[in-house]
Amino acid sequence: MMDITAILHMHAELSLTAVFILMFLLDLFLPAQQRHWLRPMACILLTIQLLANLWPEEVILFGGMYHSTPMASILKSILTIGTILVFLQADTWLRRGDTRHKQGEFYILTLSTLLGMYFMVSAGHFLLFFLGLELATVPMACLVAFDKYKGHSAEAGAKFILSALFSSGIFLYGISMIYGTAGTLYFEDIPAGLTGSPLQILALVFFFSGLAFKLSLVPFHLWTADTYQGAPTSVSAYLSVISKGAAAFALMTILMKVFAPMTEQWSEMLCIIIVATITIANLFAIRQSNLKRFMAFSSISQAGYIMLAVLAGTPQGMASLVYYIVVYIAANLAVFGVINAIEQHTHGKVEREDYNGLYKTNPKLTMVMTLALFSLAGIPPFAGFFSKFFVFMAAFHSGYYIIVFIALVNTIISLYYYLLIVKAMFITPNDKPVGNFRTATPMRISLLICVAGIFVLGILSGIYQLLNDTAML
Amino acid sequence: MLASLWASRSVNQVRGVMVAGASILLALSVYLTIDYIGLRQAGATGEMLFTASTVWYAPLHICYSVGVDGISVAMLLLSSIIVFTGTFASWKLQPLTKEYFLWFTLLSVGVFGFFISTDLFTMFMFYEVALIPMYLLIGVWGSGRKEYAAMKLTLMLMGGSAFLLIGILGIFYGAGGETMNLLEIAKLHIPHEMQRIFFPLIFLGFGVLGALFPFHTWSPDGHASAPTAVSMLHAGVLMKLGGYGCFRVAMYLMPEGAAMWGDVFLILTTISVVYGAFSAVVQTDLKYINAYSSVSHCGLVLFALLMMTRTSCTGAILQMLSHGLMTALFFALIGMIYGRTHTRDVRLMGGLMKIMPFLAVGYVIAGLANLGLPGLSGFVAEMTIFVGSFQNDDTFHRVCTLVTTTSIVITAVYILRVVGKILYGKVVNPEHLKLTDATWDERVAVICLIACVAGLGLAPFWMSDLISNSVEPIISQLLN
């Protein structure tokens, strides 16, 4: 008989649930004129939750159904930090007239997706994993459609939920095949039952496609651009870093742990997917003039780079993957932050031409954007250079020379389109640039943290060291 | 220094900080050189001196390790001279002065870091640090088709660095994946097949920056569009990164690869030299002429390195120095002339000797150094290269050498043509008569560079000794 008190060991999940409930109660009972306390409360509570769970530990519960590795707890902390940053950035948008009355919902929905991701990364059983996945997906659709009176946002929400459900269906079908052939859904036990039979390969493909939807890998990326463009910018930011980070980590653990006997099959598949993802996303990104769409394609290609670490399939790869996610969170949130600030200030300007001559009027925002874009492109001395280098190194170490080379050539293409934005901001003259304005304080704080991350994460080697040590355990 | 630049508000402060910083840098390099020679004479035998190493990313064996030998000392000296004079050459640069010098300084940081690194990772990192400021420097402060040129330059060089990165990973894992330190890898043996694959990658990667044919096309556009000081730094120092890297990384670490691929690249460099010179003949834009001339001279550097004799490699390093100095001088003068006449078209200028004698005399000296007049630096370098190259006694190398020597003649053609056309002859545009000669900041830059060019030409031996002692270990690695 299972000991029910075991549930108390799921510190991270429990405390996050507590935060969630507190926020829910606050949302219910706070009088209307006190509602501006919601955002600081959300940030403070999350910070407390983060600090309480900072220490990485290994927890196995319910006969292996719940298995939180130290690496997973580090990732949870990282995701939480990212979420706090998104909360800070969302502030201006949530104060607007049409969203003010429902800002509590934003926090609640976001926290529940975060909870889902927690379960995803620490699942030890496919059913728990699936629950986590769904919990992370369904509220996300509401978030995407948050500005429901805007056609774009509603459309994006519909697209997102349809493709998400479709992918969940495929995923579930894949799991059922695994259960049928291996006789179990515990991660621990499945490898013993895997023989590489055609049905299991099909199961692998289905499982993989399900997650590839979340990660928006080519050819499962078609929903991404529309969704990012239509969704409120803060939600796009959240979607692009947090949910992608969780999905990438989960994919890697499952491929390494559960599908270890079928490494040959999945690595072959992954090679093709990576090349397709990076190349196609990069080529499409060149043509985008809407920055949110542009960032959608950019993040698809970044997902391709993250997959390189998965491909490596080694502890070194795991460390590089998490490191890449951290750096990516800092850089991508900085870009989205700037886009968000300008969009809110100008009531919806997100075209590249709107950024022409931005340096003259808003030098600080421009610098933040430039640094972040350079980091995304992998230019030293910014953190993105290090994370890219380590990912390449991991993949190279596992012998994928050609793939690394193709990815490298693609970084040149990506540099081109990142530079296009830099060019717009610095070089292209403009008669009517976006006027000078002061960004809101929460946004400033979040941008400051991001920029610090971009600088510090690379120069200080401690973080990578920690990840590496954890991965080696 | 970057920090103090951030802090400074007004234009004058920026200039002050920049001059102070550049002077300190120059003083430090001179001190380093003297110290280095002193230590060598005192009998220090290490391959590198002033080494220091800090572990950075332990799991990946990445260290931040630095050290210098004769070659890097020479390069550092060159870089600091050019940064110093470049500061003066961009004295009057107007819009966004502070940002300009910030990026300029970042560029120099990259260059200096590259020359002192002895760790593959940090070396590569500094290499890229040196590349990216170019985009903004050319894009924002350039002239002509600047956006196109900046993008082309950045993408091509970054393309080169993609080759490099994969090559570096190849070397690292080929040598056992235990160390990224150049000196330690040199002691290990990289498997034959690995060398065959990764040597050309590294050589091409650096070769792009060294304007190796057919990857030189970024150079004329880039140089022509860049602001003066950036052209100076770029042609004078950045292109040398290519040669230095080819020598230090590709040839030093993968001698077998060099033996296998040497002939192929030798043909390419020969084409570079001759083709660059011929292209310079037909250009009408002063900067384009000089840019193609740089392609030709930098090709000569790679050519001499591939000849793989001690003399030719010493010559190659001398050529880097000499070309760095004189091309910087050239670009500085062109920038100053352009600042007055607002044209760089050879056909629209004439008789400048009477109008601005100081600049014109400087131009003549630069030209003579370029075509290898004895007494100036170009002669010393080219002489050493050709003598060294001819020491190879097989037909292939000799034919290549002979073909390459024709470039001297072609160089004379385009240099003398330009000098004759714009400095002497009739004044083409009467407007030009109103123009003035150099101001004091420009004089500082020009005189400083001329002194160096002449100094290297008149007293080359201390420098060539310095270099050739350090070339020795690399050459012996190559010949084994």
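How many residues does the contact take from chain B and from chain A? Some notes on that and a few other things, bearing in mind that this is a predicted model.

1. The answer first: chain B puts 24 residues into the contact, and chain A puts in 26 residues. On the chain B side, the elements giving two or more residues are strand E1 (49–57), helix H5 (120–141) and helix H6 (146–174). Sorted by class, the side of chain B that touches chain A comes out as 19 nonpolar, three polar and two charged residues.

2. H5(B) also packs inside its own chain, against helix H10 (residues 228–253) of chain B, with the axes 12 Å apart and an angle of about 155 degrees. Angles over 145 count as roughly antiparallel, so that is how H5(B) and H10(B) run relative to each other. The crossing of H5(B) past H10(B) is left-handed.

3. Who makes that helix contact? From H5(B) you get Tyr127(B), Ala130(B), Met134(B), Leu137(B) and Ile138(B), and from H10(B) there are Val230(B), His234(B), Leu238(B) and Leu241(B). The class tally for H5(B) with H10(B) is eight nonpolar, one polar and no charged residues.

4. Now the largest nonpolar core, which has 366 residues; Leu308(A), Val322(A), Ala334(A) and Phe392(A) touch the most other members. The top contributor to this core is helix H14 (residues 315–346) of chain A, with 21 residues.

5. Val322(A) is worth a click. Setting aside neighbours within four places in sequence, Val322(A) is in contact with Met71(A), Ile74(A), Leu75(A), Phe249(A) and Leu467(A).

Notes: Residues are numbered from 1 along each chain as its sequence is written. Chains are lettered from A and ligands numbered from 1 in the order in which they are written. This is a predicted model: local features need pLDDT of at least 70, side-chain atom pairs count only at pLDDT 80 or more; totals for chains, interfaces and linings use all residues. Two residues are in contact if their C-beta atoms, placed from the backbone, lie within 7 Å. Helices (H or I, at least four residues) and strands (E, at least two) are DSSP runs, numbered from the N terminus. Ala, Val, Leu, Ile, Met, Phe, Trp, Tyr, Cys and Pro count as nonpolar, Asp, Glu, Lys and Arg as charged, and the others, Gly among them, as polar. Axes are lines fitted to C-alpha atoms, for helices over the stretch in contact, and angles run from 0 to 180 degrees between N-to-C directions. Angles under 35 degrees count as roughly parallel, over 145 as roughly antiparallel, 65 to 115 as roughly perpendicular and the rest as oblique. A crossing is left-handed if the near helix is turned anticlockwise from the far one by less than a right angle, and right-handed if clockwise. A nonpolar core is a set of buried Ala, Val, Leu, Ile, Met, Phe, Trp, Tyr and Cys residues joined through C-beta atoms within 7 Å. A residue is buried if 20 or more other C-beta atoms lie within 10 Å of its own, exposed if 12 or fewer, and partly exposed in between; C-beta atoms are placed from the backbone.
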